[in-house]
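Let's walk through this model with a few quick questions. Keep the viewer open while you read.

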Amino acid sequence: DLHSFPTRRSSDLFEAFIARDTSVAEDITAENEDINLISKQITDYLIKVSGENVSVHDDQKISIMYHAIADMLRISEISDNFIKYTRAYEEKNLKFSDSVFDNLKSMYHKLCEMYDLAIRIFDTFDKTHFDELEAMENSVDYMRRMLIEGHIKRLNDGSCTPESSSVFINLVSNLERVGDHITFIAH
């Protein structure tokens, strides 16, 4: 179900990162395995259906579904990265300020809004919301730039340690990539 895809699992992952909680790792890994299996089954079905005598319109829908499945898989794969970042955050006892978490939460919530809108576009083929989605995606891109620039400033003034750079920059970049894949689903 595309509507519920990110809701529980991404919320669990995001909250787990903030809480340094790796206990969701096994559940997320199991869900990713399920997602891979289901996507293969759907792809196999789409191949079977596309081999039949389908209209041009149906062939276009099948193609759209292939692309959406691929983007869902990419989002699922990114969740594996979150597990790694949470482990590193916990094991290395990294520190992030409350303002950094507030900015990460804003970025995450923007992605949830984007996802809801993208699925609405995908379901209805109503392209009137593309501009709104593009603006949201641009906002996520901007958030990524500002978060990384802020991190670099904190590194330069000594209020942040270099050990946190890899986790923080990769985390923010992966959040931005999720936004890209969400946008691709709508397109």
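This is a predicted model: local features need pLDDT of at least 70, side-chain atom pairs count only at pLDDT 80 or more; totals for chains, interfaces and linings use all residues.

Q: How many helices and strands does the chain have?
A: Elements here are DSSP runs numbered from the N terminus, with helices (H or I) needing at least four residues and strands (E) at least two. Going from the N terminus, the order reads α-α-α-α-α-α. The count is 6 helices and 0 strands.

Q: What does the C-alpha trace span along its principal axes, and what share of the residues counts as buried?
A: The trace covers about 65 × 35 × 20 Å along those axes. Buried means under 20% relative accessible area, exposed means over 50%, and partly exposed is in between (1.4 Å probe, protein chains only). Of the chain's 187 residues, the buried share is 42%.

Q: How are H3 and H4 oriented: roughly parallel or roughly antiparallel?
A: Axes are lines fitted to C-alpha atoms, for helices over the stretch in contact, and angles run from 0 to 180 degrees between N-to-C directions. Under 35 degrees counts as roughly parallel, over 145 as roughly antiparallel, 65 to 115 as roughly perpendicular, and the rest as oblique. The axes of H3 (residues 56-91) and H4 (residues 98-124) come within 14 Å and cross at roughly 165°. H3 and H4 are therefore roughly antiparallel.

Q: Which residues of H4 make the contact with H3, and how many of the contact residues are nonpolar?
A: On the H3 side you'll find Ile64, Met65, Ala68, Met72 and Tyr89, and these meet Phe101, Tyr115, Ile119 and Phe122 of H4. For the classes, Ala, Val, Leu, Ile, Met, Phe, Trp, Tyr, Cys and Pro count as nonpolar, Asp, Glu, Lys and Arg as charged, and the others, Gly among them, as polar. In the contact of H3 with H4 there are no polar and no charged residues, and the nonpolar count is 9.

Q: How do H4 and H6 run relative to each other: roughly parallel or roughly antiparallel?
A: H4 and H6 pack with their axes 8 Å apart, at an angle of about 15°. That makes the two helices, H4 and H6, roughly parallel.

Q: How many charged residues are in the contact of H5 with H6?
A: Helix H5 (residues 130-157) and helix H6 (residues 165-186) have axes 10 Å apart and an angle of about 175°, so H5 and H6 are roughly antiparallel. Among the contact residues are Glu134, Asp141 and Arg144 of H5 and Glu176 and Asp180 of H6. Beside 11 nonpolar and 5 polar residues, the charged count is 7.

Q: Which residues does Leu13 touch, not counting those up to four places away in sequence?
A: Leu13 is found in helix H1 and is buried, with a relative accessible area of 5%. Leaving out residues up to four places away in sequence, Leu13 touches Val24, Ile28, Ser79, Phe82 and Ile83.

Q: What is the phi of Phe125, which is not a glycine?
A: Phe125 sits in the loop between H4 and H5. At 45% relative accessibility, Phe125 is partly exposed. Although it is not a glycine, Phe125 has a positive phi of about 60°.

Note on methods: Residues are numbered from 1 along each chain as its sequence is written. Side-chain values use heavy atoms; hydrogens and water are left out. Contact means heavy atoms within 4.5 Å.
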